[in-house]
Amino acid sequence: MSGKAHKHDTWSRALFKQFKDAGVTMFTYVPDAGNARLVELAEEDNETRAILLTTEEEGIAIAAGADLVGKKSVLMMQSSGTGNCPNFLSFVNGGRFPVLMMISMRGEYGEQNPWQYPMGQAVDAILEAMGVLVFRVDREDELEGAATAAINAAWRGGQGAALVLTQKFLGAKAF
Amino acid sequence: MTEITLDRTDCLPHIFPDQADWLFVTGLAGPARDGAALTKDGANMFTMAGCMGAAITTGLGMALGAPDRQVAVIAGDGEMMMNIGSLATVASQGPKNLTLVCVDNGSHGETGGQPGHTARRTNLAKMAEGAGIERVLTVTSAKGLKEANDFVHAGDGPRFLWLRVMPGEPCAFKRNMNPTECRMRFRSAYLGA
């Protein structure tokens, strides 16, 4: 499924433009339904690159390496990958590296898979523990403002920032 | 079993005599000291003392962001094994300007020399090849250092150089371990701002 047939096409296009306008050239990801369309857009665009990871924390290191040469990378992943990230998030509080994550949530509102709840419910605590600011999106009309705030927190404010797309916004997967 | 006679403190100056032309990332522990001795803790090198497993992909982000520069990652075998999947992440992107150098002493030197996987059955050259990195070289003695120098200077990357070294202390070079200062120093030198 791609292009306009994709259920997340409209907001993904708008968010991709926001990221690109902010100077993002690298989109690192572990695949998820919530970032699938953004990955396609990053692959189709001549000025951006989609980078498939083997585990989520690689995306934080790529962002750090890109920052050292003045480039911007955003890490896109499902909430279940949050638990793979804390040690590498030492780049944020330890090194003052700006890091921007886009997390599509599982294990919360409407979830039917019991395996998703433990990590989904721990996302905020983990991010808070490692000094990453959370910008939550429950409705489509909140997305642009939250994305702007997260982008500015990271690359103007020098913070770790996570744009968290909730299941109220994305919808829950049926089992 | 291959006889290993390579002295780690002898390697990097022979392989990177032109170190000032490169951008470097090192992983934590011994390879960070060996790297810092090479550049005299220069602003063209970002050394780590934590985030074990992050060196390869930090170098990848740097290489993709600076395609007109040669980038080398200097990392130990423990660092490599901790995020060995990163070799696949590198291979899929195929950065022509990225060289991965593993200084493999077969042990976790920083924590007391406990044996690592490469001292047992693990072959990092095969893992790099299996991940899809086509250019791989293994060096086990000082005789191979000229070939290693040629290897990192010729053809396209990504390259994987496996330096199998004897047990022994890394270079005794003290470096700045403040990551914020090292970030600013690197960016100022590279970006000129």
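Two strands pair if DSSP finds at least two bridges between them. Strands (E, at least two residues) and helices (H or I, at least four) are DSSP runs, numbered from the N terminus.

**Ground rules.** I note that this is a predicted model, in which local features need pLDDT of at least 70, side-chain atom pairs count only at pLDDT 80 or more, and totals for chains, interfaces and linings use all residues. Residues are numbered from 1 along each chain as its sequence is written, and chains are lettered from A and ligands numbered from 1 in the order in which they are written.

**Entry 1, strand S3 of chain A.** S3(A) runs parallel to strand S4 (residues 99-104) of chain A, and five bridges join the two. I found A:Ser104 in S4(A) as the bridge partner of A:Gln78. S3(A) also pairs with strand S1 (residues 24-29) of chain A, in the parallel sense and over five bridges. There A:Met76 of S3(A) is the bridge partner of A:Tyr29.

I traced an open sheet of six strands in the order S2-S1-S3-S4-S6-S5, with parallel pairing. S2 and strand S5 (132-137) of chain A each have a single partner strand, so one side of each is left without a neighbour in the sheet. Neighbouring strands are turned by 25 degrees against each other on average, direction ignored. At the S2 end, S1(A) and S2(A) pair in the parallel sense over four bridges, and A:Phe27 stands opposite A:Ala50 in S2(A).

How do helix H1 (residues 9-21) and helix H2 (residues 36-44) of chain A pack? Their axes are 9 Å apart, at an angle of about 50 degrees (axes are lines fitted to C-alpha atoms, for helices over the stretch in contact, and angles run from 0 to 180 degrees between N-to-C directions). H1(A) and H2(A) are therefore oblique to each other (under 35 degrees counts as roughly parallel, over 145 as roughly antiparallel, 65 to 115 as roughly perpendicular and the rest as oblique). From H1(A) the contact takes A:Asp9, A:Ser12, A:Arg13, A:Leu15 and A:Phe16, and from H2(A) A:Arg37, A:Leu38, A:Leu41 and A:Ala42 (contact: C-beta atoms, placed from the backbone, within 7 Å).

I noted 27 residues of chain A and 28 residues of chain B in the contact. Strand S2 (49-52), helix H3 (57-68) and helix H4 (90-93) of chain A each supply at least two residues of the side that touches chain B. H3(A) gives the largest share, eight residues.

Strand S3 (residues 70-76) and strand S4 (residues 98-104) of chain B run parallel, joined by six bridges. B:Val103 in S4(B) is the bridge partner of B:Gly76.

Key. Two residues are in contact if their C-beta atoms, placed from the backbone, lie within 7 Å.
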